[in-house]
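These are my notebook entries on one structure. I set down what I looked up, in the order in which I looked.

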Amino acid sequence: MSDRVGWLVERLVAFYRGSQRDLPWRHTRDPYAIWVSEIMLQQTQVDTVVPRYGRFLAEFPTLQALAATTETRVCEAWAGLGYYRRARHLHQAARLMVERHDGCLPQDVDALRALPGIGRYTAGAIASIAFGLPAPIVDGNVERVVARLEAVAGDVRRPPEVTRIWQFAAALVETAAKPGELNQALMELGALLCTPRAPRCHECPVRDECAAHGQGRAESFPNVAPATTRKRMRIAFAWIETTRGIWLTRRPLDGLWAGLWELPSAPAAKLLRERFGGNPRRITQVAHQLTHRDVVATIYRTTAAPPRRSATLQPFRDPLSAPLSGLARKAVQAVLSNGGQ
Ligand code: SF4
């Protein structure tokens, strides 16, 4: 343990003990209740979680109670928190723990990460707070605090900087007598003092060892490179409707939307005409965002002769029941809400 790391841990813990907010999940040692709070807090503000957390635990007081109920009931109890995928994952994970872990949360970071809805951050939070394991966690608050303490110059989204920040968080938590307390102290510092704008360095317990503060430019960190310019992509979809249904094609098993179904397509209307013949008539247009691209898809009704059915080209009486790509689902919904015209 370096002197600096030991000093930081001592100051952070003292700050946490004196300044922590009174939040309901800080009154429990029950790993189940701590897990529920961590999942709720993943994409939702503390103020929104507080009133719903108690109600959720009153309805499902144990992991067994959660596993025994239906997914629909869990989603109803999740109302107001949004991102319902988290509720479904919570329910699936509860059932898996009943089947594989005797109805308990596993006391192991890798086993926690193997459960639905638990990533590196959440596994570290549960392991350290519920079980006292020296597992680091890096959320937005911790990333900012560490980037400032260390004056990390590079883009914090790049792998070398990500590794450096996780390693520093690991060095801190491995030094702490109570790992859960140290992790919460780092997050609390980020939430209360080391805020994205106008950090309150004059009140900060670790300012004497903060490199960014020492350089007089705390707000320059963390460095996040601006997003790369987004590319635009145009695509033409064919709406081929026969007595057997709407024709869909299956995408290759690798790459984007692997194995999902979509309307037959071409990069442009002209190519669509060449591929399907006839005189395609424009029905409607939809826009869709991918990570680095904006896609605009125009859907054309074609007068092509019925295609030959194959493993990757088939008619669907209810195309929305097929496993569609996100873009194809939007396109099909747009045409159907147009009355298919
Ligand atoms: Fe953040 Fe300022 Fe404290 Fe450094 S001194 S950790 S920048 S609040």
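**Entry 1: around the ligand**

I began with the ligand and listed the residues around it: Arg-148, Cys-194, Cys-201, Cys-204, Arg-207, Cys-210, His-213 and Ala-218. I note here that the model is a predicted one. I then sorted this shell by class and found 5 nonpolar, 1 polar and 2 charged residues.

Where does the ligand sit? I found it in the largest cavity.

**Entry 2: the cavity**

I next asked how many cavities of 30 Å³ or more a search of the whole structure finds. The search gives 1. The space in the largest cavity is about 110 Å³.

I looked up its lining, which consists of 14 residues. Nearest the centre of the cavity lie Arg-148, Cys-194, Cys-201, Cys-204 and Cys-210. Helix H9 contributes the most to the lining of the cavity, namely 3 residues. By class, I recorded 11 nonpolar, 1 polar and 2 charged residues in this lining.

**Entry 3: Thr-195**

I turned to Thr-195, which I located in the loop between H11 and H12. Is Thr-195 buried or exposed? I noted it as buried, because its relative accessibility is 19% and the limit for buried is under 20%.

I then looked up the contacts of Thr-195, leaving out residues up to four places away in sequence. Thr-195 touches Arg-144, Arg-148 and Gly-190.

**Entry 4: backbone features**

I looked up the backbone angles of two alanines. Ala-151 has a phi near 45°, which is a positive value in a residue other than glycine. Ala-151 is placed in the loop between helix H9 (140-149) and helix H10 (159-175). With a relative accessibility of 15%, Ala-151 counts as buried.

Phi of Ala-198 is likewise positive, near 45°. I found Ala-198 in the loop between helix H11 (179-192) and H12. Is Ala-198 buried or exposed? Ala-198 is exposed, because its relative accessible area is 51% and exposed means over 50%.

I also noted a cis peptide bond between Phe-221 and Pro-222, with omega at about -5°. Pro-222 belongs to the loop between helix H12 (211-214) and strand E1 (231-239).

**Entry 5: the two pockets**

I moved on to the pockets. The largest pocket holds about 490 Å³ of space. I counted 19 residues in its lining, and those nearest its centre are Leu-41, Val-46, Asp-139, Asn-141 and Met-187. Which elements each supply at least two residues of this lining? They are helix H2 (31-41), helix H8 (120-131), H9 and H11. The largest share, 4 residues, comes from H11. The lining divides into 8 nonpolar, 6 polar and 5 charged residues.

The second largest pocket has about 390 Å³ of space. It is lined by 18 residues, and Arg-29, Ile-129, Gly-180, Glu-181 and Gln-184 are the closest to its centre. Two or more residues of this lining come from each of H2, H8 and H11. H11 again gives the largest share, with 4 residues. By class, I noted 6 nonpolar, 7 polar and 5 charged residues.

**Entry 6: Ala-238**

Which residues is Ala-238 in contact with, leaving aside neighbours within four places in sequence? I listed Leu-263, Pro-264, Leu-272, Phe-276, Tyr-300 and Thr-302.

Finally, I looked up the separation of Ala-238 and Glu-143, which are 95 residues apart along the chain. Their C-alpha atoms are separated by 47 Å.

How values were computed: Residues numbered from 1 in each chain as written. Predicted model: local features only at pLDDT ≥ 70, side-chain atom pairs only at ≥ 80, totals over all residues. Heavy atoms only, no water. Near = heavy atom within 4 Å. 1 Å grid on protein atoms, 1.4 Å probe; cavity = no way out; pocket = protein on both sides within 12 Å on 5 of 7 lines; lining within 4 Å. Sits in = over half its atoms within 2 Å of the grid points. Nonpolar A, V, L, I, M, F, W, Y, C, P; charged D, E, K, R; others polar. Buried < 20%, exposed > 50% of the residue type's maximum accessible area, 1.4 Å probe, protein only. Points joined across faces, edges and corners; volume = space filled by probe spheres on them. Contact = heavy atoms within 4.5 Å.
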